[in-house]
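Hi everyone, thanks for making time this morning.

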Amino acid sequence: MTELVAVVMIFSIPLAAIFTSYKRSQMKLKYKMIKEQVQLEKLKQENFLLETEKMKTELRLSTPFEEKEEVLAFIEQEKQHL
């Protein structure tokens, strides 16, 4: 019986070390994955802000141009009626 306990103790220590090492490597991979996801979300947010600012700028620039086109079209219509 004592021999059995000794054998179990001898084999359980390396198994515990292997299991602990495995868990540690899994946690490192999980940490790396989460870190990359956070970085991706930051890039998505930055991209969203840049696109929003671009659209605002385009709207500011396009509105006067469209109004000019409407005014020119109105002038052309008035010329045709005269």
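Before we zoom in, a definition: I call something a salt bridge when a side-chain nitrogen of Lys or Arg lies within 4 Å of a carboxyl oxygen of Asp or Glu. Two notes on the source: this is a predicted model, where local features need pLDDT of at least 70 and side-chain atom pairs count only at pLDDT 80 or more, while totals for chains, interfaces and linings use all residues. Residues are numbered from 1 along each chain as its sequence is written, and side-chain values use heavy atoms, with hydrogens and water left out.

So, how many salt bridges does a search of the whole structure find? The search gives one. Glu 41 and Lys 44 form a salt bridge through their side chains, at 3.7 Å from N to O. Both sit in helix H1, residues 2-81, and because they are three residues apart, about one helical turn separates them. Helices here are DSSP runs of H or I with at least four residues, strands are runs of E with at least two, and numbering starts from the N terminus. In general, side chains of opposite charge can pair when their charged atoms come close.

Glu 41 comes out partly exposed at 46%, and Lys 44 is partly exposed at 47%.

Now let's step back to the whole chain. The protein chain has one helix and zero strands. Its C-alpha trace spans about 120 × 15 × 10 Å along the principal axes. The radius of gyration is 35 Å, whereas a compact globule of 82 residues would be near 12 Å; that is taken over C-alpha atoms, and the globule rule is 2.2 Å times the number of residues to the power 0.38.

Tyr 22 is in helix H1 and is partly exposed at 45%; its C-alpha is 45 Å from that of Thr 52, 30 residues apart along the chain. Lys 54 also belongs to helix H1 and counts as exposed at 52%. The C-alpha atoms of Lys 54 and Phe 74, 20 residues apart along the chain, are 30 Å from each other.

What about burial across the chain? Of the 82 residues, 0% count as buried.

That's my tour, and I'm happy to take questions.

Notes
Buried means under 20% relative accessible area, exposed over 50%, partly exposed in between (1.4 Å probe, protein chains only).
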